[in-house]
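Subject: Structure handover and notes

Hello,

Please open it first and keep it beside you while reading the notes.

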Amino acid sequence: MTTTAADNTTVAPCPPLLLGIRSALGPQLLTQILQSKILLVGSGGIGCELLKNLALSGFRNIDVIDLDTIDVSNLNRQFLFRSQHVGLPKCVVASEAALKMVPPLSQQQHEDDTGAKYTPYHGNVCDNSKFNVPYVQRFNLVLNALDNIAARRRVNRLCLAANVPLVEAGTAGYLGQVTVIDKNSNTECYECQPKPTQKVYPICTIRSTPSQPVHCIVWAKELYKLCFGPKVGDSMLFEDEESLRAEKAAEEEEKKEEEGGANGNESKNGSAAEAASTDGEEGGEKSTYMDLIVGLRLLLGVDNVDENDDEKKALDLEDEAKRNDLLSKAQESLTALFVTEIQKQIGMDRYKTAEKVPVPVSLDDLAKCTATITGEGEDHLLPPTERKDYKPTQIWSPSDCIQELASCFLDVAASNNQPLPEFDKDDDMAMRFVTAASNLRSYVFQIEPIQSLYSAKGIAGNIIPAIATTNAIVAGLQVLQCFHILKAQMNSSIKCHGNGDDGAVDETSNLKKTCRYTYCLRDKTRKGYYLQPTTLPDPDPNCFVCRNAIISLALNTQEWTLDMLLSRVIKKELGFHEPTILVGGDIVYEEGEDIDPSEYAINLKKTLANLPSGGVSHGSVIRIEDYSQDLEVDVNVSHKERWMIKTDDDSGAEKVDDREGIEKFEIGGKKPVASAATADSSDGGKDDIAQDPASTAAEDDDDDIEIIDDDESTKNTAAASSNGKKRKPDTEEDGSKVKKTKVDTDEVIEIE
């Protein structure tokens with residue numbers, strides 16, 4: 001039965017499971033919880049924990065947005081999913097699982113019909129036609145459980161434009177953080193601090209849709225484990241019968257949905273629970289490479305070591321027949337990995353929406369596998385690392401990669417050390433294998449730049465598994481912030497209705513007074529705490545998102561076209577969705593509803609210097625507007641032709657960057673002065689960061705791999721954060737200073 005408090009505020013009935021929350025927070029706040037409407041973006045590692053917490057805390061009206069589907073690799077850490085859910089949308093399965101945890105309001109309500117509403121949306125939060133400012137304004141608050149910078153930027157800007165509080169979170173190994181972003185409370189937004197290159201990557205991206213060199217290197221390390229590791233099941237590329245049955249069940253359910261699509265949305269969005277019951281009597285279709293890899297392991301001696309022997313007997317490669325048999329099996333396995341499996345995925349329309357369709361490795365290149373020799377011989381028959389002119393900075397062709405892989409298989413077969421130990425970047429064979437395999441995959445998926453062994457070693461050595469349990473901690477902290485936000489909204493509502501003290505200033509409605517920026521630490525503080533709350537930071541006065549600050553951009557205005565500026569900087573770096581670009585007060589490009597794209601198409605191929613209204617030169621100001629995000633910014637442009645990069649050695653020296661085909665630019669730095677002076681401006685700003693096409697990332701899925709910055713990257717990030725000014729130190733609750741260990745990477749999940 002509904003009760004009434006002393007201030008005539010309606011109080012909802014309390015489920016028995018929520019009696020503790022009512023005692024701790026009060027009946028009015030519990031009512032606010034039961035009646036609030038929440039938007040959750042992301043239902044992966046943090047998202048699953050959040051949904052569970054929200055359901056058991058009494059939240060009854062939640063929209064869940066997620067683009068991803070469940071992969072086998074998600075099952076060991078996203079606990080709302082089971083093997084029969086593989087292939088289904090994460091948001092659908094997670095919503096159904098969490099909905100069953102919502103306590104009924106009364107004993108009369110059946111557990112399966114609590115009256116709660118968890119609505120999943122299997123889509124991209126960056127889709128402005130569905131998820132826009134009016135949509136976000138329907139909610140009391142928004143929770144972010146995302147894993148990529150582009151989507152988090154999007155949600156940050158939507159919440160600022162809609163004036164809705166956002167609870168943002170991130171984890172990286174044992175480290176985590178939770179903060180609250182609120183426009184009215186004058187808090188720091190997500191983009192007030194520069195974000196480093198994304199350091200975490202989803203397993204399904206690694207396995208199926210790589211887009212960066214690091215994706216291919218992670219995949220190659222997993223292939224190393226699959227081929228040479230002590231336990232083949234440790235590799236994310238391994239397939240077992242359970243996962244295959246799950247994939248088969250998901251495929252059958254998808255077919256049923258397609259056949260019943262004419263019966264309406266109810267059939268199309270059928271229950272995940274029903275799909276879960278379809279285990280399938282037969283296993284799903286195996287990959288084209290798994291059986292071949294198992295056979296290759298046996299031939300290499302990885303899986304046939306006699307337990308009574310201290311070490312495995314090496315394969316006699318002097319025997320020409322055995323050597324040829326090994327190389328033939330290796331070629332079959334490589335053909336399955338880089339040709340047959342790719343063709344199979346293309347035939348399944350996996351890449352029908354991809355910008356670039358994968359191109360399998362040519363059979364002529366694969367034929368080099370059996371022709372490879374080691375030791376002495378003609379250079380074209382030797383693997384690249386055994387040639388006379390070999391250098392670690394050389395770029396290998398596809399045929400070079402095949403020959404290097406063949407050489408690695410021969411080395412393993414001749415080794416007495418079986419199975420091989422864990423990957424070590426300082427192990428010569430391991431790095432040769434990973435470099436060759438990753439570059440072959442880059443060639444298949446047309447990913448640039450191709451990595452030399454030197455550069456691949458730098459990336460592969462910094463890839464480490466991350467810790468999953470931090471997700472549960474930060475998800476709990478997010479829900480605690482939800483309580484503070486709802487209480488502040490309740491107090492503000494009471495004031496508006498005249499129930500507060502006349503003329504009193506309600507400090508509790510200011511989220512900066514009630515919410516905290518909380519860090520999850522690996523090492524305890526001096527007081528013995530592993531959770532460190534601090535006051536919410538002030539906005540960065542130079543933030544172009546929440547403070548409309550002016551930013552600077554250095555590039556070659558004679559070479560950059562408007563199309564390059566639009567795609568590489570405005571959309572990818574600055575995150576504009578539907579930009580309008582103005583030069584000298586005149587529109588030179590515009591996107592959005594009712595806009596004819598052909599109207600400004602003629603300007604896209606023009607260099608910036610040749611644009612209408614006098615073009616863009618040193619000191620020009622470009623204005624960029626995006627009404628879909630209620631965002632506008634002025635960009636001061638400086639012309640720059642000479643660029644410096646660090647040398648390949650460890651001396652720290654610099655040299656002129658004469659690489660061709662690289663879109664060189666800098667964001668940040670000092671405001672340029674309009675002048676026709678030298679174009680060789682170094683600009684001198686500490687926060688200038690030269691960008692390489694492969695230096696940024698935008699992923700979609702929950703994360704599984706963490707990349708640790710090297711010292712130089714850390715220095716760059718620190719410099720980029722300074723903006724030429726010192727930030728005020730954060731303080732603990734007692735006023736003492738606390739060292740800020742901010743986590744700018746996304747959600748991190750370990751591989752098991």
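**Overall**

Please keep in mind that this is a predicted model. The protein chain holds 23 helices and 22 strands. It has 752 residues, of which 51% count as buried. Among contacts between residues at least 6 apart in sequence, 70% join residues at least 24 apart.

Two packed helices are described by the angle between their axes and the distance between the axes. Helix α8 covers residues 213–228 and helix α18 covers residues 453–460; they pack at an angle of about 75°, and their axes are 10 Å apart. That angle makes α8 roughly perpendicular to α18, because angles of 65 to 115 degrees count as such. On the α8 side the contact is made by Val214, Ile217 and Lys221, which meet Ala456, Ile459 and Ala460 of α18. The residues of this contact divide into 5 nonpolar, no polar and 1 charged.

Ile217 comes up again at another residue, Ser438, which touches Cys216, Ile217 and Ala220, leaving aside residues up to four places away in sequence. Ser438 belongs to helix α17, residues 428–444. Its relative accessible area is 1%, so Ser438 is buried.

The loop between α17 and α18 contains Pro449. The peptide bond from Glu448 to Pro449 is cis, with omega near 0°.

The buried residues in α4 are Lys90, Cys91, Val92, Val93, Ala94, Ser95 and Ala98.

In α21 the buried residues are Leu562, Leu565, Leu566, Arg568, Val569 and Ile570. What do they pack against? The partners are β13, β14, β15 (586–590), α22 (601–604), β16 (621–626) and β20 (666–667).

**Aromatic rings**

A pair of aromatic rings is described by the distance of the centres and the angle of the planes. With ring centres within 6.5 Å as the cut-off, the count comes to 16 aromatic pairs. Two of these are worth looking up.

The rings of Phe131 and Tyr135 have centres 5.5 Å apart and planes at 65°, so this pair is edge-to-face. Phe131 is buried, at a relative accessible area of 4%. Tyr135 also counts as buried, with 7% relative accessibility.

The other pair is Phe544 and Phe576, with centres 6.3 Å apart and planes at 15°, so these rings are stacked. The pair links distant parts of the chain, 32 residues apart. Phe544 is in the loop between β12 (531–534) and β13 (551–555), while Phe576 is in the loop between α21 (562–571) and β14 (580–583). Relative accessibility is 10% for Phe544, which counts as buried. Phe576 is buried too, with a relative accessible area of 3%.

The charged end of Arg157 sits over the ring of Phe576, 5.7 Å from its centre.

There is also an aromatic cluster, formed by Tyr224, Phe228, Phe409, Phe423 and Phe433.

Which residues other than glycine have a positive phi? Asn163 is one of them, with phi of about 60°. Asn163 lies in the loop between α6 (149–162) and β7, and is partly exposed, with a relative accessible area of 33%. Ser613 is another, with phi near 60°. This serine is in the loop between α22 and β16. At 35% relative accessibility, Ser613 counts as partly exposed.

Strand β7, residues 166–172, contains Gly170. Is Gly170 buried or exposed? Its relative accessibility is 0%, so Gly170 counts as buried. The C-alpha atoms of Gly170 and Asn144 are separated by 8.9 Å, and the two residues are 26 residues apart along the chain.

Regards

Definitions and conventions:
Residues are numbered from 1 along each chain as its sequence is written. This is a predicted model: local features need pLDDT of at least 70, side-chain atom pairs count only at pLDDT 80 or more; totals for chains, interfaces and linings use all residues. Side-chain values use heavy atoms; hydrogens and water are left out. Axes are lines fitted to C-alpha atoms, for helices over the stretch in contact, and angles run from 0 to 180 degrees between N-to-C directions. Helices (H or I, at least four residues) and strands (E, at least two) are DSSP runs, numbered from the N terminus. Angles under 35 degrees count as roughly parallel, over 145 as roughly antiparallel, 65 to 115 as roughly perpendicular and the rest as oblique. Contact means heavy atoms within 4.5 Å. Ala, Val, Leu, Ile, Met, Phe, Trp, Tyr, Cys and Pro count as nonpolar, Asp, Glu, Lys and Arg as charged, and the others, Gly among them, as polar. Rings of Phe, Tyr and Trp (its six-membered ring) pair if their centres lie within 6.5 Å; planes under 30 degrees apart count as stacked, over 60 as edge-to-face and the rest as tilted. Buried means under 20% relative accessible area, exposed over 50%, partly exposed in between (1.4 Å probe, protein chains only). A charge sits over a ring if NZ of Lys or CZ of Arg is within 6 Å of the ring centre and within 35 degrees of the ring normal.
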